[in-house]
Amino acid sequence: MDRWMNPSRPRGCVVTVNHMGTHNMSMCCLRYRYKHAATRIPSSYQRLSLHNIRGHHRGQHDGRRGQLTIVACNEEPASNTTNGPVSHSKTREDAQQDAAMASSFSSSSSSSTTLPLVYDGIIFDMDGTLSVSCIDYQLMRQSLDIPQGDLFTVMETWDDGDRILRSMDTILEIEDVAAGQSKGMPGLEELLLYLQEHPVKVGLVTRNTEYSVNAFFESIGHEYRDVFDIIMTREFPYVKPDKRCLTHFADAWGISPARLLMVGDSTEDVECGNAAGTATCLISGGGNEITSEDDKTKPPRGTIPSFQVDSLYELQQRLEKRDTKLGWNELSVDDRAMDAGAPFQGLEFFNFMFESGAVQAPACSFPRLRSTILETDVDNMHPGDRILHLGCGDGSLTKMLFSAGFNCVGADVGTSAEKARTRGLATMAIDPTLSKIQEEIKEQMGDALFDAVVFLQDHPHNSSTATALISSSQALSSLRALTAKGTGTCIFEVNVPSNDGTAFSKESFVSTVATPSGWTVMSVGQSETTLRCILLNA
């Protein structure tokens, strides 16, 4: 089976698939394995019912160049040939269960006046959200030896290519079994029909394959594809929790992210939506919730949804009553209580690094994982900067850097580094004063250099690191030795000292700390409370 992509595609010779999407979507070049030169290809990542595109394509092979060119054609999707066709007729037990669940909501829904939706677009996860969760995540984790953390994030840290390939085959085998058991969640058909009656864009974003999506629609009826304007699987360059996968929906539809709702059952769904600025709804009972009854610890900021429901019936009821919230940027101060719907700590700093050009991300999520599986440098793109993230804390910013394609290593004092490690991130313990940073890095990571060192002072425990960055030329010099000559950068944001009665100035920092350390100051800005700086190892 074809790793990462569609397990129904036979393995064999390697060809290249070029797909130019609509909505100004950039060309996505992926390499597939096929046993035959000519084969039918499902749509790579989207379907636009607005233009009555039927969501399937036919591949035509050009043997001279080894190219497989995609052309649209009006065909009904093929049946599930691996597991056989799946009937979408309900059993008596299913119907009885649906009726029982619907009865608790029917009285209020039938008597309510139809109101326009709060949202201009709604994006759904698939497994555990629209479909009953049939993926055996426990077996998957045991088989891959990944007891905690996001699977793709952990696999992105591996250096063993063979282990990655074996693990991806295992994932696909488990997903293949689940696809054969696919069925819609109770209340799904009612919700989709309700959405069809409103002028709202509807999208589907899943880290599963196009094959599993086809099996899902085979189970509920292919006519329901018409509800969805865009369908995005992991064949698309961006996958959750990379916020670029949701900002793509916003850009394609011309809708502000705050007017979109992301609905899912996992940490990655909520993290992705919160980071992109959409409202988020966590649906319980999908099998992949962010917390369990035994876990009473408050989740990290960025993983708390705007609101939570127990079923699709309840979601529809709240949509009808407009009992929902907009995205974080359009919330009032009162509505921002308890961090519900808040982005991860450091989002503004994260965006600053991108916009300044101080770091360079690849054109896809998880590039090392993807290129190993596809046995190619994906589109000959930049592989993503190698980043040392000082003061990583609970790993929220580190994980977002990882999901955006950076090869990121978190570093912090022992207990804090352990928090990030429980999320499956690559972390290491360091002295927060940075007095031994070169020896610590070399001992734990060898002589490898970083493209960038980043630090955001977002917690009292990392004040020692902040002090070292703005007052010790020796500490900055040690960091410069860890970065690539000519291209390495150091990007940090610290709180301006104000407790010693001495006015802090960026000019003093440049002349007495940064310049003597050997860094070239590319940018330095100071507000009443913070200092933000970009240094270059010229």
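At 58% relative accessibility, aspartate 145 counts as exposed (exposed means over 50% relative accessible area, buried under 20%, partly exposed in between, with a 1.4 Å probe and protein chains only). Aspartate 145 sits in the loop between H2 and H3. Its phi is near 60°, a positive value in a residue other than glycine.

This is a predicted model, in which local features need pLDDT of at least 70 and side-chain atom pairs count only at pLDDT 80 or more, while totals for chains, interfaces and linings use all residues. Residues are numbered from 1 along each chain as its sequence is written, and side-chain values use heavy atoms, with hydrogens and water left out.

Now the chain as a whole. Its secondary structure comes to 17 helices and 18 strands. Helices (H or I, at least four residues) and strands (E, at least two) are DSSP runs, numbered from the N terminus. Of the 538 residues, 56% count as buried. Take the contacts with a separation of 6 or more: residues 24 or more positions apart account for 70% of them. Contact here means heavy atoms within 4.5 Å.

Phenylalanine 366 lies in the loop between H10 and H11. Its phi is near 50°, again a positive value in a residue other than glycine. Phenylalanine 366 is buried, with a relative accessible area of 0%.

Helix H4 covers residues 161-179, 19 residues in all. From its first C-alpha to its last, H4 reaches 27 Å, close to the 27 Å expected at 1.5 Å a residue; the expected span is 1.5 Å times one less than the number of residues. The buried residues of H4 include Ile164, Leu165, Met168, Asp169, Glu175 and Asp176. Among the elements that cover the buried residues of H4 are helix H2 (137-144), H3, helix H6 (210-220) and helix H11 (367-374).

How do H4 and H11 meet? Their axes come within 9 Å and cross at roughly 80°. Axes are lines fitted to C-alpha atoms, for helices over the stretch in contact, and angles run from 0 to 180 degrees between N-to-C directions. H4 and H11 are therefore roughly perpendicular to each other. That term covers 65 to 115 degrees; angles under 35 count as roughly parallel, over 145 as roughly antiparallel, and the rest as oblique. On H4, the contact is made by Gly161, Ile164, Leu165 and Met168; on H11, by Leu369, Thr372 and Ile373. By class, the contact has 5 nonpolar, 2 polar and no charged residues. Ala, Val, Leu, Ile, Met, Phe, Trp, Tyr, Cys and Pro count as nonpolar, Asp, Glu, Lys and Arg as charged, and the others, Gly among them, as polar.

Isoleucine 231 is in strand E8 (residues 230-232). At 3% relative accessibility, isoleucine 231 counts as buried. Its C-alpha is 9.4 Å from that of isoleucine 123, 108 residues away along the chain. Proline 241 belongs to the loop between E8 and H7. A cis peptide bond joins lysine 240 to proline 241, with omega about 5°.

H7 has its own partner. Helix H7 (residues 244-253) packs on helix H8 (residues 267-276) at an angle of about 55°, with their axes 8 Å apart. That makes H7 oblique to H8. Cys245, Leu246 and Thr247 of H7 make the contact with Cys272, Gly273 and Ala276 of H8. These residues divide into 4 nonpolar, 2 polar and no charged.

In H12 (residues 396-403), 8 of 8 residues are buried. Lys399 is one of them, as is Phe402. Just after H12, glycine 405 takes a positive phi of about 105°.

The tour ends at leucine 482, in the loop between helix H16 (473-480) and strand E16 (489-495). At 7% relative accessibility, leucine 482 counts as buried. Which residues does leucine 482 contact, leaving aside its neighbours within four places in sequence? They are Leu388, Ile437, Gln438, Ile441, Leu449 and Phe450. Isoleucine 437 is 45 residues away along the chain, and its C-alpha is 9.0 Å from that of leucine 482.
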